[in-house]
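Keep the selection tool at hand.

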Amino acid sequence: MDELPLLIEADTLDESLGTAGLLIVDLSKADTYRKLHIPGAVHLDYTQIIAARKPVMGLIPEDASLSAVFSGIGISADTHVIAYDDEGGGRAARLLWTLEVAGHTRFSLLNGGLHAWANEGHRFDDAPVSATPGTFQVRRNDAPYADSAYILQHLNTADCMLVDARSPAEYSGLKRFAEQAGHIPGAVNFEWTQAMDPGRNMRFKADAELTAMLEPLGVTPDKEVITYCQTHHRSAHTYLVLKHLGFERLKGYAGSWSDWGNNPELPVEM
């Protein structure tokens, strides 16, 4: 199988259906999957790839749990995973980020997800797909991962940028979903939906357009960039956008504001 791009188009995926070593993973709502999914796609419930220690949500499950989940849906070391969902790519992106943390880098995101696939005349199915189990062993890779201690150590350093993918109301503290309101000091706000193009079935906006939005915020490929939101769901999408744009020093903050905003010892800006 030829190497597939990180961001794959529906036409390219359609031509690749049935290819050995390719696994399509659907993270849409269960009801959506039962009505409509890409032929051969296995369904994965989003709750299986996140863990919680309330009030902190969106954490990475234990290695043994992730190994079992990924093996169960058919992922092995040489599997190329293509993920999509029905919401614009957040859940699918979180799966791919989690795979990267687990040491697996053979993956792609379907550009536009189910919106692009269903609205552009591609074939679909409604019959459930039983996964053929694979053999997956987590080999933890910390390069894409950040926690509060790492962020605290790198606050206010010129070489490190924090991108808050939440809404402007959450970023400014007008809306609060943790004990503290506001944002991590120095973070810039880039709401995750700004990267989506509703006129093109929720695909990523054109690279030049994305760069033109990010550069004025100081988000440039020469820096290390850490993305976060409330639970690293929305910000996983932002992480994939930046990865697609060629950013090499990227991290996602598991737990995100549900972690930072519930720790009274950590600094906050409004």
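This is a predicted model: local features need pLDDT of at least 70, side-chain atom pairs count only at pLDDT 80 or more; totals for chains, interfaces and linings use all residues.

**Stop 1**

Select β1, β7, β6, β2 and β3. These five strands make an open sheet in the order β1-β7-β6-β2-β3, and the pairing is parallel. Residues 7-8 (β1) and 42-43 (β3) are the edge strands, each of which pairs on one side only.

**Stop 1: helix α3**

Select residues 63-72, which make up α3. Show side chains for L66, S67, V69, F70 and S71; these residues of the helix are buried. In an α-helix, residues three or four places apart point the same way, because there are 3.6 residues a turn.

Then step just past the end of α3 to G74, where phi is positive, at about 105 degrees.

**Stop 2: the sheet that starts with β8**

Select β8, β14, β13, β9 and β10. They form an open sheet of five strands with parallel pairing, in the order β8-β14-β13-β9-β10. At the edges are β8 (145-146) and β10 (188-189), and each pairs on one side only.

Zoom to β8 and to residues 250-253, which form β14. Two bridges join these strands, and they run parallel.

Next, select residues 234-244. This is helix α9, which packs on the sheet. Which strands does α9 touch? The contacts are with β9 (160-164), β13 (224-228) and β14. The direction of α9 makes about 155 degrees with that of β13.

**Stop 3: the cavity**

Rolling a probe the size of a water molecule over the atoms shows where empty space is left. How many cavities of 30 Å³ or more are there? The count is one. The volume of the largest cavity is about 40 Å³.

To see its lining, select G88, G89, L109, L110, N111, G112, G113, M202, F204 and H237. Color the selection by residue class: the lining has four nonpolar residues, six polar and no charged.

Technical notes. Residues are numbered from 1 along each chain as its sequence is written. Side-chain values use heavy atoms; hydrogens and water are left out. Two strands pair if DSSP finds at least two bridges between them. Helices (H or I, at least four residues) and strands (E, at least two) are DSSP runs, numbered from the N terminus. Contact means heavy atoms within 4.5 Å. Axes are lines fitted to C-alpha atoms, for helices over the stretch in contact, and angles run from 0 to 180 degrees between N-to-C directions. On a 1 Å grid over the protein atoms alone, a cavity is a set of points where a 1.4 Å probe fits but cannot get out, and a pocket is an open set with protein on both sides within 12 Å along at least five of seven lines; lining residues have an atom within 4 Å of a point. Grid points are joined across faces, edges and corners, and a volume is the space filled by probe spheres set on the points. Ala, Val, Leu, Ile, Met, Phe, Trp, Tyr, Cys and Pro count as nonpolar, Asp, Glu, Lys and Arg as charged, and the others, Gly among them, as polar. Buried means under 20% relative accessible area, exposed over 50%, partly exposed in between (1.4 Å probe, protein chains only).
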